[in-house]
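The sequence and structure come first.

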Amino acid sequence: MFNTPPWSSKLSSILTSQYAIAVLRSNLWPGAFAYARGTKFENIYVGWGLKYVGEVYTPPGPPLPLNEYPSGSEITELLDPSPEEEQDFKELLEEQEAVLEETEESEDDED
């Protein structure tokens, strides 16, 4: 592909060649390596699993973080009412229910 040999080779060390390891790197499958010393050899692949097509593959970045919830009245927590405030609220609800029942009864009487 593109007049490139499928493998590139080099030694792991030039200074101590008797202990050097021969390393082959694939030019078609980036991340594929083969290494050998004497009669023992191994293969390893660390890559994206995509064949080289003339350009380097870079995976897309993660999405940007989302904004936090807006702080509106429907989300903001309120302080708990005191027992006196709660009792006043219950009395107000009872008064409203009584007035509502009276208006319903008066409407029923008119019919």
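Which backbone nitrogen does the side chain of Ser26 reach at 3.2 Å? The side chain of Ser26 reaches the backbone nitrogen of Leu28 at that distance.

## Basis of the model

The model is predicted: local features need pLDDT of at least 70, side-chain atom pairs count only at pLDDT 80 or more, and totals for chains, interfaces and linings use all residues. Residues are numbered from 1 along each chain as its sequence is written, and side-chain values use heavy atoms, with hydrogens and water left out.

## The sheet

Four strands form an open sheet in the order E1-E2-E3-E4, and their pairing is antiparallel. Strand E1 (7–11) and strand E4 (40–45) are the edge strands, each pairing on one side only. From one strand to the next the twist averages 20°; angles run from 0 to 180 degrees between N-to-C directions, and axes are lines fitted to C-alpha atoms, for helices over the stretch in contact. Strands (E, at least two residues) and helices (H or I, at least four) are DSSP runs numbered from the N terminus, and two strands pair if DSSP finds at least two bridges between them. In general, strands of a sheet pair through backbone hydrogen bonds, either parallel or antiparallel.

## Pairings and hairpins

Strand E2 (residues 22–26) pairs with E3 in the antiparallel sense over four bridges, and here Arg25 stands opposite Phe33 in E3. The two strands form a hairpin with five residues between them. In its turn, Gly31 has a positive phi of about 105°.

Strand E3 (residues 32–37) is joined to E4 by six bridges, and these strands also run antiparallel. Ala34 stands opposite Asn43 in E4, and Ala36 stands opposite Phe41 in E4. The hairpin of E3 and E4 has two residues between the strands, and Gly38 in this hairpin takes a positive phi near 70°.

Ser26 is found in strand E2. It counts as buried because its relative accessibility is 4% (buried means under 20% relative accessible area, exposed over 50%, partly exposed in between, with a 1.4 Å probe and protein chains only). Besides Leu28, the side chain of Ser26 reaches the backbone nitrogen of Trp29, at 3.0 Å.

Asn27 is found in the loop between E2 and E3. With a relative accessible area of 14%, Asn27 is buried. A polar atom of its side chain lies 2.6 Å from the backbone oxygen of Pro5. The side chains of Asn27 and Ser8 are joined by a polar contact of 3.0 Å. A polar contact is a pair of N or O atoms within 3.5 Å; within protein, one must be able to donate a hydrogen and the other to accept it, and residues adjacent in sequence count only if both atoms are side-chain atoms.

## Surface patch and helix

Ile21, Phe33, Tyr35, Ile44 and Val46 make a nonpolar surface patch of about 420 Å². Patch residues have over 30% relative accessible area and no salt bridge, and nonpolar side chains (Val, Leu, Ile, Met, Phe, Trp, Tyr) are joined within 5 Å, like charges within 9 Å. A salt bridge is a side-chain nitrogen of Lys or Arg within 4 Å of a carboxyl oxygen of Asp or Glu. Val46 lies in the loop between E4 and helix H1 (83–110), and Val46 counts as exposed because its relative accessibility is 60%.

Asp88 is found in helix H1 and is partly exposed, with a relative accessible area of 48%. Asp88 and Thr103 are 15 residues apart in sequence and 23 Å apart in space, C-alpha to C-alpha.

Technical notes
Areas by Shrake-Rupley, 256 points an atom, 1.4 Å probe, with all protein chains shown as cover.
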